[in-house]
Amino acid sequence: MQAPKVRVSLLLIDDDRSLGALLAEYCEPSGFSVTCARSGEEGIQCVTERPFQFIVLDVMLPGMDGFETLRQLREITRTPVLMLTTRGATRDRVHGLNDGADDYLTKPFQPEELVARIGSILRRTQPAAVEVSNRLVGDLLLDEGSRTVLCSGKPVELTGAQYELLRLLLECPGEARPREDLIRRIFGREPHGVDRSIDNLVNNLRKRLGVHPDGTDRFKSVRNLGYSYVLPQDGTCL
């Protein structure tokens, strides 16, 4: 992974001391500064004391588990979060994404994959040094400069993954984007098995954005393909 231009502060919340040493070994030469917390409570305390640019959070923690830790984190920060789950724990992965995680990685894993996932999430959640623009589709305004979303003039809080999915769908409103392409663009990985990550993100966006002012759904599922953002009846699109 290409080293960041400035050091990126990373918080690992995991009681596995060997993982902390491994993460530091692979991440710090690439431009990261790694801080380790051994429990959810300690991780929350770290975040209240100083800002971090990325968080790696294990589901299995002593005391307060990873899901409760994530819920409390989301009350105080929108920092990207990658959750670590046990292999095959589909319910854990869905739970984490619904609660605001940006991606997940199953244990055991290769450290190179962890570093690659972190880099992929940072590339889509950190402002890039390129020209940015606004997208206005009906009552929905997406500002790529500030990475903010307004719906009927009111700000909408989105996770990094939710924002990226909405941005991709608004690139070509009314046209379906393949589910496999969305998974690659948002999560930086290949689809596998019955992958419901995009379905979960769309369901969460539906809850946060509601329907069009005329009562129609904002998102359309195209069978055997993917999803589209439905154009409003007035056709407003800038």
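Ser-152 is placed in the loop between β8 and β9 (154–155), where helices (H or I, at least four residues) and strands (E, at least two) are DSSP runs numbered from the N terminus. The structure is a predicted model, in which local features need pLDDT of at least 70 and side-chain atom pairs count only at pLDDT 80 or more, while totals for chains, interfaces and linings use all residues. Residues are numbered from 1 along each chain as its sequence is written, and side-chain values use heavy atoms, with hydrogens and water left out. The protein comprises eight helices and twelve strands, and of its 238 residues 49% count as buried, a term that means under 20% relative accessible area, with exposed meaning over 50% and partly exposed in between (1.4 Å probe, protein chains only). Among contacts with a separation of 6 or more, 56% come from residues 24 or more positions apart, contact meaning heavy atoms within 4.5 Å.

**Loop residues with positive phi**

- Most residues other than glycine have a negative phi, and most peptide bonds are trans.
- Ser-152 has a positive phi, near 55°, although the residue is not a glycine, and Ser-152 counts as exposed because its relative accessible area is 52%.
- Asn-224, in the loop between β11 and β12, likewise has a positive phi in a residue other than glycine, here near 65°, and Asn-224 is exposed because its relative accessible area is 76%.

**Helix α8**

- Helix α8 (residues 197–209) contains 13 residues and spans 18 Å from its first C-alpha to its last, close to the expected 18 Å, the expectation being 1.5 Å times one less than the number of residues.
- The buried residues of α8 are Ser-197, Ile-198, Asp-199, Asn-200, Leu-201, Val-202, Asn-204, Leu-205 and Leu-209.
- After α8 comes Gly-210, which has a positive phi, near 70°.

- Two packed helices are described by the angle between their axes and the distance between the axes; here axes are lines fitted to C-alpha atoms, for helices over the stretch in contact, and angles run from 0 to 180 degrees between N-to-C directions.
- Helix α6 (residues 160–171) packs against α8 at an angle of about 90°, with the axes 10 Å apart, and α6 is therefore roughly perpendicular to α8, given that angles of 65 to 115 degrees count as roughly perpendicular, under 35 as roughly parallel, over 145 as roughly antiparallel and the rest as oblique.
- On the α6 side this contact involves Ala-161, Gln-162, Leu-165 and Leu-166, and on the α8 side Ile-198, Leu-201, Val-202, Asn-204, Leu-205, Arg-208 and Leu-209.
- By class, the α6 contact with α8 has eight nonpolar, two polar and one charged residues, where Ala, Val, Leu, Ile, Met, Phe, Trp, Tyr, Cys and Pro count as nonpolar, Asp, Glu, Lys and Arg as charged, and the others, Gly among them, as polar.
- The axes of helix α7 (residues 179–187) and α8 come within 9 Å and cross at roughly 80°, so α7 too is roughly perpendicular to α8.
- Arg-179, Leu-182, Ile-183, Ile-186 and Phe-187 of α7 meet Ser-197, Ile-198, Asp-199 and Leu-201 of α8, a contact with six nonpolar, one polar and two charged residues.

**Aromatic pair**

- One aromatic pair is counted, under a rule by which rings of Phe, Tyr and Trp (its six-membered ring) pair if their centres lie within 6.5 Å, with planes under 30 degrees apart counted as stacked, over 60 as edge-to-face and the rest as tilted.
- Phe-219 and Tyr-229 form this edge-to-face pair, at 5.4 Å centre to centre and 85° between the planes.
- The pair links Phe-219 in strand β11 (residues 219–222) with Tyr-229 in strand β12 (residues 226–229), ten residues apart, and both Phe-219 and Tyr-229 are buried.

**Individual residues and their surroundings**

- Arg-147, in the loop between β7 (140–143) and β8 (148–151), counts as partly exposed because its relative accessibility is 23%.
- Beyond its neighbours within four places in sequence, Arg-147 is in contact with Arg-124, Thr-125, Gly-160 and Tyr-163; the C-alpha atoms of Arg-147 and Gly-160, 13 residues apart along the chain, are separated by 9.2 Å.
- Ser-9 lies in strand β1 (residues 8–13) and is buried, with a relative accessible area of 10%.
- Not counting residues up to four places away in sequence, Ser-9 touches Ser-33, Arg-50, Pro-51, Phe-52, Gln-53 and Phe-54.
- Asp-16, in the loop between β1 and α1 (17–27), is partly exposed, with a relative accessible area of 32%.
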